[in-house]
Amino acid sequence: MSSIQEIQNEIVEEFEMFDDWMQRYEYMIELGKSLPLIDEKYKTKEYIIKGCQSKVWVHANLNEDKIEFTADSDAIITKGIIAILIRSFSNQPPQEILDADTSFIDKIGLKEHLSPTRANGLVSMIKQIKLYAIAYQAKANSN
């Protein structure tokens, strides 16, 4: 199993293969298509990420001390963004998600190539993923 850092390094390397942002956007759209889809029953207000221009739903489930994330979005670029985050943080222990650095987003230049509202949405997605990790970490500590 790869660590969050190893996965993030892979993502950075993949983005470095592209010469321009049009190719990177196309790649993000492809990543979005490969996203482990969220069950329809989680496409409710309860699972929607606040602060996103588009609708983005994220669900987390703890499985053998690792959090598995599923997600979906009604916008193709946003779906690509959440796919990158899910790939990076899914199937990892809560504490590792909490300790994870997200500087790989700056390394691929993602924030600077997003509109301000999409960049805010990206921050909201990361925040929600970390909130799930906090909740599962607290639950584990109370047992």
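## Basis of the description

Because the model is predicted, local features need pLDDT of at least 70 and side-chain atom pairs count only at pLDDT 80 or more, while totals for chains, interfaces and linings use all residues. Residues are numbered from 1 along each chain as its sequence is written, and side-chain values use heavy atoms, with hydrogens and water left out.

## Packing of α1 with α2

Helix α1 covers residues 4-16 and helix α2 covers residues 21-33, where helices (H or I, at least four residues) and strands (E, at least two) are DSSP runs numbered from the N terminus. The two helices pack at an angle of about 135 degrees with their axes 10 Å apart; axes are lines fitted to C-alpha atoms, for helices over the stretch in contact, and angles run from 0 to 180 degrees between N-to-C directions. The pair α1 and α2 is therefore oblique, given that angles under 35 degrees count as roughly parallel, over 145 as roughly antiparallel, 65 to 115 as roughly perpendicular and the rest as oblique.

On the side of α1, the contact (heavy atoms within 4.5 Å) is made by Glu14, Phe15 and Glu16, and on the side of α2 by Trp21, Arg24, Tyr27, Met28 and Leu31. By class, these residues of the contact of α1 with α2 comprise five nonpolar, no polar and three charged, where Ala, Val, Leu, Ile, Met, Phe, Trp, Tyr, Cys and Pro count as nonpolar, Asp, Glu, Lys and Arg as charged, and the others, Gly among them, as polar.

## Packing around α3

Helices α2 and α3 have their axes 7 Å apart and pack at an angle of about 70 degrees, and are therefore roughly perpendicular to each other. Their crossing is left-handed; a crossing is left-handed if the near helix is turned anticlockwise from the far one by less than a right angle, and right-handed if clockwise. In this contact Tyr25, Tyr27, Met28, Ile29, Leu31 and Gly32 of α2 meet Ile76, Ile77, Lys79, Gly80, Ile81, Ala83, Ile84 and Arg87 of α3, and the residues of the contact of α2 with α3 fall into ten nonpolar, two polar and two charged.

Helix α3 (residues 76-89) also packs with α6, at an angle of about 30 degrees and with the axes 11 Å apart, so that α3 and α6 are roughly parallel to each other. The crossing of α3 and α6 is right-handed.

## Two glutamines of α6

Gln137 lies in helix α6, which covers residues 116-142, and this residue is buried, with a relative accessible area of 17%; buried means under 20% relative accessible area, exposed over 50%, and partly exposed in between (1.4 Å probe, protein chains only). With neighbours within four places in sequence left aside, Gln137 is in contact with Pro94, Gln95 and Leu98.

Gln128 is likewise placed in helix α6, and is partly exposed, with a relative accessible area of 24%. The C-alpha atom of Gln128 is separated by 9.7 Å from that of His59, although these residues are 69 residues apart along the chain.

## Aromatic pairs

A pair of aromatic rings is described by the distance of the centres and the angle of the planes. A search of the whole structure finds six aromatic pairs, where rings of Phe, Tyr and Trp (its six-membered ring) pair if their centres lie within 6.5 Å, and planes under 30 degrees apart count as stacked, over 60 as edge-to-face and the rest as tilted. The rings of Phe15 and Trp21 form a tilted pair, because their planes stand at 45 degrees, with the centres 6.3 Å apart; both of these residues are buried.

The rings of Tyr42 and Tyr47 have their centres 5.0 Å apart and their planes at 75 degrees, so this pair is edge-to-face, and Tyr42 and Tyr47 are both buried. One aromatic cluster is formed by Phe15, Phe18, Trp21, Tyr25 and Tyr27.

## Positive phi in two loops

Most residues other than glycine have a negative phi. Glu64, which is not a glycine, has a positive phi of about 50 degrees; Glu64 is found in the loop between β1 (56-63) and β2 (66-73) and is exposed, with a relative accessible area of 72%.

Asn91 also has a positive phi, near 60 degrees, in a residue other than glycine. The loop that holds Asn91 runs between α3 and α4 (94-99), and Asn91 is partly exposed, with a relative accessible area of 31%.
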